[in-house]
Amino acid sequence: MTAVEDVVTRRGRRDTAGPKYLSLARTTLQQAIAYRITTFFNVGLTFIWVIILYYLWRAAYAGRVSIAGLTWDQMRTYVVIAYGINALVGWRTGSAMMATIRTGDIVFEMVRPLNYCTTQIARALGFTAVEGAISLAFTLGIGLLFLDIRPPASLPAALLFGLALIIGFLTKVLIVFLVSLLTFWTLNGMGLMWSQQAIMQILSGTIVPLALMPGWLQVIAQVLPLRGIVSTPLQLYLGTTTGWSVVGLLTLQVGWLIALWVLANLAWRRAFRIVEIQGG
Amino acid sequence: MPPIVSAKRLVKRFRRPKKAPGLAGAVRHLLRPRHETVTAVDGVDLSIEEGESVAYVGPNGAGKSTTIKLLTGILVPSAGTVDVCGVRPHIDRQANARNISVVFGQRTQLWWDIPVIESFRLLGDIYAVPAADYRQTMDELVDVLDLGPLLGVPARQLSLGQRMRCDLGAALIHAPRVLFLDEPTIGLDVAVKARLREFVGRMRTRRGLTVLLTSHDLGDIEELCPRMIMLDQGRIVYDGAFDEVTRRFGWEQKVVVTLADDTADAAARAGAALARVGPRIETTGTGLEVTFDSRTVTSGEVIKELALAVPVVDLTLEETSAETIVRRLYEGNLTFQQPVRQSFQPVGDPEPDR
């Protein structure tokens, strides 16, 4: 047995799925830190919307106690945290996925022993560690200092919020991934990214709570997975949903997550079959 | 022992959208898309033994890169079979990935903004290389490729030559059995080229690495690959010893001359001076290109005659590239006497592994 074969056999025993994806996340984190100034401004700019929405809602609440079941205290909190959550998986995650497809660098991801969907989640985690930290700083800074946001409704509410937030994160990564796979066919990512961003912000409840949408749109938004990204965690945070409805919300979230995982893997395989690697 | 890389009647077809030019064409395509089928690889048979080093050459668009993508599992064959280290690449892509490695001269697998060592570490993790092996391989790579000063530098700050050294090292971290090199020396200067070739050669002998190289650079092939496979329009036109080809067709040399501007009849004068050699003379914007047969006359003589006949400002000597040979082979300007695609016997290889 040659030395090379020896290495191969020994390696087979040591091979587990965990460390390589963690290592991948760590490296992406390092890469993201290299761009921390850009990231800081990207995230910061989205918070301009928070200020605008704050003043709009303040005007709307003049002389009213609640709108669509939310008090002014809750609405303020909703607006700020919704943008905080939205910034968790930022522009970078999607554009990085699309860039690897467009430039053809995806060949390297294909000649490595990695599950492609898990790879994307690991990379998103790395970006999120940076974008999320900055977004958290903005949320708390603006929220606590200027807009007087409220803490979670209760301890269980806080825990459920955390859980829903994680599921929502994975949901968003998979959706962004599925959209970026369309680049295999269109090869132009920018338009896709913009429409995806817009649709996601509306249907996830980032701009307006779902309860305030017109009836038909509400029905659509309530069955789609997008609500699980922003709306569901916030409903739990504010404690506006209780009892069995909580179970219902989380079940829907998890159900969609599984469906999206299967779909993402299938779509990847399909894209893989017809792919023509760009640039040679 | 079965060959480490083998392909039988390998075919890859692509479907390309067929668009008429202009806006009208684009609209028509949108309404009724029409496609044409392009056959990039057309019935290729390959058989490469472990430890062999093979050059895979052909003009641009011949299907070289497509073949490499089929062998690495990036593309799914339209027909035929592929087998690399006993694994069918497109079926078991991840298992195949552990056995092989790919280096593209025009791409880097290093993470752009972080120090090179971090890319190495990550690759070690991805391939789950045991710590002791990782250290040993790293020591060896740092030593042979002189990576020491580069490890702390982000990939984007490296020169092309430095980057290629790092990319080669990165490709070998997981001790692959087969290394695919896709134009690894493109754009590199002579010194760096020589160093890379030396390194690849050394890795071959030390580790028993099997190398499949695509290149337009005859030097790469000459130094690294006793065996050459030539491809044109998706078909193999030659599979055999490299020496054989250059001995037959590599005799053509070209002198590119830059002239002082006041020479209208330069071509005629050069032609007259070299009449006994019978060169092919082409006039370019800045001077002449003189192509001659290096078996009948030395380049020194040609240069001497030219310098006497016309006002030479500058002068370079070019050897025939593999691409030109393949092109001329295919065009029928040059042909092999023996039937093409004779099976190559590595056992009887007149030039055993160095």
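Tutor: A residue is called buried when its relative accessible area is under 20%, exposed when over 50%, and partly exposed in between, with a 1.4 Å probe and protein chains only. By that criterion, 54% of the 354 residues of chain B count as buried. The structure is a predicted model, in which local features need pLDDT of at least 70 and side-chain atom pairs pLDDT 80 or more, while totals for chains, interfaces and linings use all residues. Residues are numbered from 1 along each chain as its sequence is written, chains are lettered from A and ligands numbered from 1 in the order written, and side-chain values use heavy atoms, without hydrogens and water.

Student: What share of chain A is buried?

Tutor: Of the 280 residues in chain A, 50% are buried. Accessible areas come from the Shrake-Rupley method with a 1.4 Å probe, and for residues only the protein chains shown count as cover. The accessible surface of chain A is about 12900 Å², with 71% belonging to carbon and sulfur atoms. For chain B the surface comes to about 15800 Å², with 50% belonging to those atoms.

Student: How many helices and strands does chain A have?

Tutor: Chain A has 13 helices and two strands, and chain B has twelve helices and 13 strands.

Student: Why is helix H12 of chain A described as largely enclosed?

Tutor: Seven of the eight residues of H12(A), residues 231–238, are buried, so the rest of the structure largely encloses this helix. The buried residues are A:Ser231, A:Thr232, A:Pro233, A:Leu234, A:Leu236, A:Tyr237 and A:Leu238. Just after H12(A), A:Gly239 takes a positive phi of about 70°.

Student: Which residues of H4(A) and H7(A) meet?

Tutor: Contact means heavy atoms within 4.5 Å. A:Val80, A:Ile81 and A:Gly84 in H4(A) meet A:Ser135, A:Thr139 and A:Gly143 in H7(A). These residues divide into two nonpolar, four polar and no charged. The nonpolar class is Ala, Val, Leu, Ile, Met, Phe, Trp, Tyr, Cys and Pro, the charged class is Asp, Glu, Lys and Arg, and the others, Gly among them, are polar.

Student: Is A:Asn265 buried or exposed, and how do you know that?

Tutor: Its relative accessible area is 11%, so A:Asn265 is buried. A:Asn265 belongs to helix H13 (residues 244–274) of chain A. Leaving aside neighbours within four places in sequence, A:Asn265 is in contact with A:Asn115 and A:Cys117. The C-alpha atoms of A:Asn265 and A:Tyr116, 149 residues apart along the chain, are separated by 8.0 Å.

Student: What does the side chain of B:His174 reach?

Tutor: A polar contact is a pair of N or O atoms within 3.5 Å; within protein, one must be able to donate a hydrogen and the other to accept it, and residues adjacent in sequence count only if both atoms are side-chain atoms. The side chain of B:His174 reaches the backbone oxygen of B:Ile100 at 2.8 Å. B:His174 lies in the loop between H6 (160–172) and E6 (178–182) of chain B and, with a relative accessible area of 2%, is buried.

Student: What makes B:Pro184 buried or exposed?

Tutor: B:Pro184 has a relative accessible area of 6%, so the residue is buried. B:Pro184 sits in the loop between E6 and H7 (190–207) of chain B. Beyond neighbours within four places in sequence, its contacts are B:Gly105, B:Met164, B:Leu196, B:Leu213 and B:Thr214.

Student: Is B:Arg9 buried or partly exposed?

Tutor: With a relative accessible area of 49%, B:Arg9 is partly exposed. B:Arg9 is in strand E1 (residues 5–17) of chain B, and its phi is near 45°, a positive value in a residue other than glycine. B:Cys85 also has a positive phi, near 50°, but at 16% relative accessible area B:Cys85 is buried.

Methods: Helices (H or I, at least four residues) and strands (E, at least two) are DSSP runs, numbered from the N terminus.
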